[in-house]
Amino acid sequence: MKHSIIHVSTERPRLVYAVVIALVAITGALIGRIQIDTDPENMLPAAQSDRVFHNAVEERFTYHDAIVVGIVNETHPDGIYNVESLGALHRLSNAILALDGVIAPDLASLSAVDNIEQEGVGTIRFEWLMREAPITAEQATDIRDKVNRLPLLKDSLVSGDGKAATIYVPIASKDLSYPLSQDIHALIEELDTSDDYHITGLPVAEDTFGHDMFVQMGISAPLAGLMIFILMLYFFRSAQLVIAPMLVAMATVIISMGLLTGLGFTVHIMSSMIPIFLMPIAVVDSVHIMSEFADAYRPGANPKVVISRVVDHLFKPMLFTSLTSAVGFLSLLLTPIPPVQIFGVFVAFGILLAFVLTITLIPAYIVRMNPLSLDKLATRSKTPHTDTLLARTLRRSGKFAMRHGKLITAFAVLGIAVSIAGINRIEINDNPVRWFKENHPIRVADTVLNEHFAGTYDAFVVLSHDDKRAFSEFVVSSHSLLDNLDDRYSTPIREMLARDADDKGAWYGNLIAHIDDALFDAQSPQAIGTLERLMALAEDAQVASKYFQRPDVLEYISGIQRALADSGFVGKSNTVADVVKVVNRELRGGDDSEYRIPATVPAVAQTLMQYQSSHRPQDLWHIVTPDFTSTAIWMQFKSGDNQDMSLAIDFLDTYIAENPLPADIEMRWAGKTFINVVWQDVMVAGMLKSLMGAFVVVFLMMAFLFRSIRIGLFAMVPLSVTILGVYGVIGWIGKDYDMPIAVLSSLTLGLSIDFAIHFIERTRSFLRSSGSFAAAEQQMFEEPARAIARNAIVIAIGFTPLFFAPLVPYITVGAFMAAIMALSGVTTLILLPALMSWAGQWLFPEMKKRGAFAVAATRPAHA
Amino acid sequence: MNLRPLLLLLPLSALAQDDPWDDGAWEEDWGDEEQGMVWSGFAEAGLGTRFDTDELLDNRNTLEEVRWRIESDWQPGDVTVSLKADLGYDGIEEDWKAEIRDLTATFTIGESVDLKIGRQVQTWGTGDLVFLNDLFPKDYVSFFAGRDDEYLKAPGDAIRVTKFSQALNVDFVWTPVFEPDVYLTGERFSFYFPPADGNIAPTPPFSAPEPDKKFSNGEFALRLYRTIESTEYAFYAYRGFSKQPMFVPMNAFGASIRRPLGTGLANAETSFYDSRDGDDQLRFLLGYEWEARRNFTVGLQYYLERQDSADTRHMLTNRLTYRAGRDKHTWSLFTFYSPSDDDYYLRPTYSYRHSDQWSFTVGANLFGGNEQHTFFNQLADASNAYLRVRFHY
Amino acid sequence: MFTRQLTAMALLILGSTVAAETLTSADEIIAKADIASYYAGADGRSEVRMIISDAQGREQRRQFTVLRRDIDDAGDQQFLVVFSQPSDVRNTVFLVNKHIDKDDDRWLYLPGLDLVKRISAGDKRTSFVGAHYFYEDVSGRRPSDDEHELVETSDSFYILSHTPKDLGSVEFANYQTWIDRQTFLPMKIEYTNPAGDIYRRVEVFEVAEFDGHPTVTTSRVSDLLTGGKTDMQFRYIKYDVDIPDSVFTERSLRNPPRDWLKRPAE
């Protein structure tokens, strides 16, 4: 097969070109269908139970995505509570309400929420908190006094220090976040205010992120291409030789990305990095071929013959390096995070594609070159390498490694020990907002707002009550009572009993209405008696089903809130208990001592009915369902770091263990901040699995390739040392282990093994041909070492354009890419020969018999 | 502990000592009748209590009652009128109870046809506390609560025609108004309810609508039987309803055989329930009972129930009975164990007959198993011990 | 016999057409509509059922009895509203003295808290106990609060447009009503917000005659922004039942007048 491929490439280069061009054209057209996905929720599979629950909760309590407008006034003594600031806020808020796509009824701002307060003795008043903008300073500070009595608003709509306010703008669809935030921006421009305005919120952040991702793909990836081109030009001094690998790289990137978008996958932060990963990897193989061809070609020779020989010669190591790299990325499939899986699959695909293109397109390219250029290429590329700085350094380091084999090994072991200590210090943490650079407006808004407020990050603890037993008992008892009743009355009621009871509010409402109707129609005292019993039973069951109206349950929830507040892990929590307390206080005269939960269920129910008599009755359903079977403790966090979230989760778990939940209650977390924790946990466990899986497969492949378990193990050394080293550094410098860091392990695996394969394969063939370890090593540190070093440098520098990317994850990847290349290059070129210097006999037992190591251990070459 | 059940015993002793009905007045009123009426019966107090509370029920006890039984026969002419009635107070239901267990008129038509009309307790079939072709009403609540075994069989209003002949004996019972079992309602015992995924104890208690009272909804039961060389053969047929809710219309056909085998008695019985809702059932029973030692009998049964809608249920039962001291002491243990459902029910009892008047019984009902929904394990919280004191007169 | 019936029907139809002369004054129409909607008879009682549904179709119910007594036609009125369902708000009572020339007096009794409260009537456009109806929908908006304009007279409706005199006190920019030309009952009302969108709609589905007064029996208000709606059903309606003045006193808050709340036999 190998030969027929080469044959086709050399004999019918036009066909190869045509096929590749057609593929590129088709897939290139598919790139137009690109869909950007920046929703962190998609880190979890759609059917993942926490995600499913989170979505159910969003629907249950009608949570919308919201743009957050922050207003800060640090200078005025009354903070935001001055005529000018509130006037501007009022104007802005009203203007936003008129924008299309804003869910007006749920917009939260000082001018759109209600106040309940005393108006003289025995009178309560429901009114808009700030229907009109204040005209006098007293009116402005009056609003402060009102807000300070409304715990649901304080520290949510206005900061505790009074210096900042927010407008929560719920939007109908995420797609609108960009145009709407632009509109709001324009409105702010017109405001004529000296206050600082910030626009943030998850949809805005996601949108900006998507935009920056395009920038990265449109600028950083081509920049990387350019960088690689220049580097190769420097090394090979022949544009013609360098253009071919660039063509392979571009074709690889375009076909892979075209396929990805064409197959309907969305481009997530991970997949947006595919081009930048594929570019250098694709170049590597072609560089191998081109440089070997340049070495082997003599002017006047038949290029077809030469290139066929070269490809034939390099086929196996290239296949294996490609396969192992692909395995490294395919192992990401073991991490159950869809964007990571897609990333792994398409990078693996790209690597294999690059291999195929290399062995087809490069020969075709060479065959199509005119003989004059070929001759030039051969002469130009050969001379400069043997006496460059790189060449001299490599020779020297090779000698050094051979001479101080055991010392170097000892240092390596020490390094590994230090790295393992570092790995133990790794903190797993991520926060999508931190994907923006520190001076990014979103990052700034995040910092400022969380300085003033109880937190702009949300998570929910959802409590749900379902007493199946009580409900069944009620249904059974009702049927039993209905046995005594004429069908005329009982049939409609039985139909109601048989209805789906998902919404207990509707279910009991319908049932009681039917019993009520039957009661009106019934004539006989016996029937009336039965119906009255049934009614009493139904009313009791209904009241019992409204579980989160029970004073004791609300007290329990208040207890959780107090504990959370004391713990310091949560900025603030809001619940239905707060609502009940506020309304109760105002109903009972406004004294702070009445800020409590009334003693009976009817009292709570009537209190809540009063709350519902406001301008925004629907606000209640953000914290409890209309049938009162489920309630949410809405928590605000000052940071979106999932470490902080995890602390709160652990704290609540401990609290629940000490203060058990009432019976039949299910407690579950939801909210974006929580979802982040979930996928982080999934990722860490998954990455470990991926790494182990890849490690095992790569080892088996190595053992197979070299037909030796010992050499297989030996080949794993560079990548093991590199992975340990890189993560050790991450641990020691205190960089959080986040998603980009997590995928680096696969990358390392794929690239380091490449060096090891080439190094071992060449060493072994030199060893065989020379029969002397010393001689083999000397040969090794000529062309092969240079090729490895060049590759390492090309890739490392090729990633540097990422330093200019607008988003932190890309910068991280760029930085660590360079580190990985450096480290794996050094381990391959220093540690491997060092190990061989004293363990060579164990590694190559067959050579031992031939006395290859006789001198090597004590006397290196040139001695 | 709740003292009320103990107090219940007091009126009983008072009743027992100066029973106003015991002598004189009634005897004189009725005693002069030609046929003569003999009044007999007993007064009994019973108290049963759970080992654990059932969270679903307020009352920890399973049995709190005094009852007074009157029995009599009266033969005006060719007719025999018999009466068995219970009066009493039930502390669990907190109500007075009066129940007629038997009030029948029996007479003979022609030479070989007996007719028995009225409220009566009936039973047939070969099983020991396991019923296949016996589709007469059962009172499981009494059985589990610790009442006398007698009360497992519940009375029904029926007409029974029996024809004796050399070739074949025929029993035909017509119960004009369907008489269901006394099933678990959640009043005395909670029961498993699938939608709740657990036990429930509704108030008011569970009751299922019974079939309308019309002729075609009556129950018809037929037995043809004959003994040939000490082997009893019987064939059965039934038309009516399943005896447990939801009272699905059904027909049943079955057969049984019983004969001495070795030192004991072996029996086999089978029955097929052809159910209107399509959920047909096949029941099969094998049993063997023998006196292993003097005064010590052992009974073993294997029972199989195959139903379309459920897994096949296998059950093994074992009865051990030991009588001592001229039957003054009776020790007994009845065990139900189902390997398929992995649940069990143990009924140990000890009876002491102090005199012809006084007898005492202590016993227990122990339920258990692995899965909440199985028949016996749903009653795990109902496991109880009981004491009954009976005074015969 | 049959012919006579037909004749009677014809007369009835003819009679009503004659009665329904075409009005051209918006103020006159609105005055008649106000009387028809809120002042039928000298007093009345009715039982109301409300089903409050949110966009997801989740329901809450309310059931209450309304007693009403007019002081003057088109003038001051008294209302007593007593809740019966759900049971946890049973016997919650509203007492309203509606005034034409000043703010209404509103009292509230919460039995669970054993609390009588006066409610400041500052803003009548708050939700009525969580429904999509406002207090003002229940007790009636004063005709003098708006400028009225007759937009169109169709075969069955007078279509009027109303603009509030005080824009600051309401959330709408204007609203339009479809008033039945026969009964003068508004059959549809649509509210437009300052952004120019119709965001709220009240519809009447059924009208029946009680004691000679055409009366709305089922209606719905839809919140077009949230997708929620409230259905309202009026039953057991009686007019001119001579409810005494004493029923509409603070005494009734703690002791609802059982006799007047009892459902009349049919």
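Visitor: Left-handed or right-handed: which crossing does helix 10 of chain A make as it passes helix 24 of chain A?

Guide: Bear in mind that this is a predicted model: local features need pLDDT of at least 70, side-chain atom pairs count only at pLDDT 80 or more, and totals for chains, interfaces and linings use all residues. Residues are numbered from 1 along each chain as its sequence is written, while chains are lettered from A and ligands numbered from 1 in the order in which they are written. Helices (H or I, at least four residues) and strands (E, at least two) are DSSP runs, numbered from the N terminus. A crossing is left-handed if the near helix is turned anticlockwise from the far one by less than a right angle, and right-handed if clockwise; for helix 10 of chain A passing helix 24 of chain A, it's right-handed.

Visitor: And how many residues of that contact are nonpolar?

Guide: In helix 10 of chain A, F320(A) and L323(A) are among those meeting helix 24 of chain A; contact means C-beta atoms, placed from the backbone, within 7 Å. Ala, Val, Leu, Ile, Met, Phe, Trp, Tyr, Cys and Pro count as nonpolar, Asp, Glu, Lys and Arg as charged, and the others, Gly among them, as polar. So sorted, the contact has no charged residues, two polar and, for nonpolar, eight.

Visitor: On to the sheet: which residue stands opposite L463(A)?

Guide: Strand 6 (residues 457-465) of chain A runs antiparallel to strand 9 of chain A, with six bridges between them; pairing takes at least two bridges found by DSSP. In strand 9 of chain A, the residue opposite L463(A) is M667(A).

Technical notes: Two residues are in contact if their C-beta atoms, placed from the backbone, lie within 7 Å.
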